[in-house]
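Dear colleague,

Please find the sequence and structure below for your files. I would be grateful if you kept them open while reading the notes that come after.

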Amino acid sequence: MPQAFSHGGARDGAGRKTGSGRFGEPTRPVRVPESLIPSVRDWLARMAEWPGSEIVQPFSTHPLPLALPLYSSRIQAGFPSPADDHLDDTLDLNDHLVQHPAATFLVRVAGDSMIGAGIYHDDLLVVDRSLEAKSGSIVVAVIDGDLTVKRLHQDESGVWLMPENPAFKPLQIREGMELVIWGVVAHSVRSHAKG
Amino acid sequence: MFALADCNNFYASCERLFQPRLEGEPIVVLSNNDGCVIARSDQAKALGIAMGDPYFKIEKLVKEKNVSVFSSNYGLYGDVSRRVMSVLGGFAPRFEIYSIDECFLDLNALPYDLTDYSLSMVRMVRQWTGIPVSIGIAPTKTLAKIANRMAKKGKSPWGPVLDWTRLPSPDEALAGLPVEDIWGIASRTGARLRELGIDNALALRKADPRLLRGHFGVVMERIVFELRGVSCLPLEEVQPKRKQIITSRSFGTRLRKLDDLRAAVAGFAARAGEKARAQGLRAQALNVFIHTSPFDTAKPFYSNGLTLPFRSPTSDSGLLIRAALFGLARIFRRGHDYQKAGVMLLDLVPAGYEQINLFDPVRSDPLRSDRLMAAVDRVNRTYGRQTLRFGSETLSDSWRMRAQRKSPAYTASWKELPVVLAN
């Protein structure tokens, strides 16, 4: 008997499946102002190429000058700290260690010849090339093509590059030898809690 | 009066700074991927090594003459450049950084002997930064360029400095200068000038500027006036705000596999995002491009690119990478040997001023993305580039550049500081 009612009308499972269209989801008709139809069609076509993506061509045929205010600054909850009034700048070690940034280089020490001056193996040296090397300055000098740290010393006997460790020999700069001072050691930095 | 300060053999001089034993020795610096020569010390020039020489061509000479060869170390050159420019900038009220190793200075109204003043500039840059510079002084930028070049070639009685107005016979100097060597004249334009019988700078200076304007446009007219000492090119102190950001590389070896390209392109997109964030900019569109080598004539040439606009301007590396990979998948064709790829960020706008798109669904939280990116940038600044990477960047490493002879990051890494001997 149900046979008689099985003709005509809606049938389950007939027609295109929901979400099988080019947008991958159910669609609905909407009213669009006539002037905007081409733009919307175009935009939808591009949208379809980018299913589910955040990277979509903007709807741009009639760019709207939509300037929304942005409230991006965050408002502090609670009372302001009474210490705010007494807040000074924090200290920056650069202020202490680097007087001429353009001329300052950091280098690392290898060896023990300067321990008498408090400069140890693996220490950092802050070398300021803008400073003038004087007798008594700790300098980075070029010896046999290597960068070497010594104390510059000058007296009646001549110009010397002095180690600060009795196990090493002083080097006298003799006639005809070229002395290249690479820079003057302004500070040394030693870490006491390594690793 | 303008001064043009130009570093001598800049890249080679940077390499020497921390390796003083290379003083007086031949040095060459190679381009990305160690392809060809892009900088030479005077001693390397004397050996006959030319700019652009491919490395394989000079390899024998390099061994015989003990030439020191370096891969380019742009991190180091950039750091040294900033130091040089900051010293030079202290010498003039106004200056224009023209390139990594050149800077124009406005010396007008300075109550000094300009030659002496410039000599002290040269001395100070050398002492503070270790870099030798030459300085040309002239009433126009074009003539300052020429004066600089002459000083570099040892043709100045004042050593590294040459004031054009003190030159006893400027006409002679101009007559000896081929037109192609004038600032702003390319070799093709030079050839056209020669057809008109203008083959040196003196002939060009004497030419009719209006006639040349008809042939070559206003740029050539300006050059003629500049050669006559009439300044037409002012200092450009403010660099134009960048309209686009490009990150691209030639690969060390040709790439065939999509995954290799994906890793490269993801890396470029991430780097481009980092650059944009550093400048406080967001992109409204991204272009991704790939091509094979135009010189592999035996194989078909393939080049393609795709531009993808964003719903709202972004500098989020995650989003940039997704867009770049989406585009790459579209333009990638199997079977080619790709030589280069790149990512461009287009239509940049300052962060915070972007228009909000009506059709952009409210995303989870744009501030969250900003905070995440800021954290990534902070980690990478503190612990070294590439400490935090996006997954797709790590698909492959075969795209990375060949840089087998790169000097250490002397000024940028705690682990690579120069060593001084205490012995």
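The notes below cover the domains, the sheets and the helix packing, in that order.

The model is predicted: local features need pLDDT of at least 70, side-chain atom pairs count only at pLDDT 80 or more, and totals for chains, interfaces and linings use all residues. Residues are numbered from 1 along each chain as its sequence is written, while chains are lettered from A and ligands numbered from 1 in the order in which they are written.

Domains of chain B

Chain B is assigned domain 1 (2–162), domain 2 (168–227) and domain 3 (245–394); such bounds come from an automatic or database domain assignment. The centres of domain 2 and domain 3 of chain B, taken over C-alpha atoms, are separated by 43 Å.

Sheets of chain B

Strands of a sheet pair through backbone hydrogen bonds, either parallel or antiparallel. Helices (H or I, at least four residues) and strands (E, at least two) are DSSP runs, numbered from the N terminus, and two strands pair if DSSP finds at least two bridges between them.

One open sheet of chain B has five strands in the order 5-6-1-7-8, with mixed pairing. Its edge strands are strand 5 (95–99) and strand 8 (161–163) of chain B, each of which pairs on one side only. On average, neighbouring strands of this sheet are turned by 15° against each other, direction ignored; axes are lines fitted to C-alpha atoms, for helices over the stretch in contact, and angles run from 0 to 180 degrees between N-to-C directions. Strand 5 and strand 6 (residues 102–106) of chain B run antiparallel and are joined by four bridges, with Ile97(B) opposite Cys103(B) in strand 6. Helix 6 (residues 141–152) of chain B packs on the sheet and touches strand 1 (2–7), strand 6, strand 7 (133–138) and strand 8 of chain B. The direction of helix 6 makes about 140° with that of strand 7 of chain B. For contacts, two residues qualify if their C-beta atoms, placed from the backbone, lie within 7 Å.

A second open sheet of chain B has three strands in the order 3-2-4, again with mixed pairing. Strand 3 (37–40) and strand 4 (68–71) of chain B each have a single partner strand, so one side of each is left without a neighbour in the sheet. Neighbouring strands here are turned by 25° against each other on average, direction ignored. Strand 2 (residues 27–30) of chain B pairs with strand 4 of chain B in the parallel sense over four bridges, and Ile27(B) stands opposite Ser68(B) in strand 4. Helix 1 (residues 10–17) of chain B packs on this sheet, touching strand 2, strand 3 and strand 4 of chain B, and its direction makes about 110° with that of strand 2.

Strands of chain A

In chain A, strand 4 (residues 146–155) and strand 5 (residues 158–162) pair in the antiparallel sense over five bridges, and a hairpin joins them through two residues. Strand 5 of chain A also runs antiparallel to strand 6 (residues 171–173) of chain A, with three bridges between them. Trp160(A) is the bridge partner of His153(A), and Gln172(A) in strand 6 of chain A is the bridge partner of Trp160(A).

Helix packing in chain B

The axes of helix 10 (residues 209–216) and helix 11 (residues 218–227) of chain B come within 7 Å and cross at roughly 150°. Helix 10 and helix 11 of chain B are therefore roughly antiparallel to each other, a term used for angles over 145 degrees. Their contact includes Leu212(B) and Phe216(B) of helix 10 and Val224(B) and Phe225(B) of helix 11.

Helix 11 of chain B also meets helix 6 of chain B, where the axes come within 7 Å and cross at roughly 65°. Here Lys141(B), Thr142(B) and Leu143(B) in helix 6 meet Ile223(B), Glu226(B) and Leu227(B) in helix 11.

Finally, helix 12 (residues 258–278) and helix 13 (residues 317–331) of chain B pack at an angle of about 145°, with their axes 8 Å apart. Among the residues that meet are Leu261(B) and Val265(B) in helix 12 and Leu320(B) and Ile321(B) in helix 13.

With kind regards

Notes:
Parallel < 35°, antiparallel > 145°, perpendicular 65-115°, else oblique.
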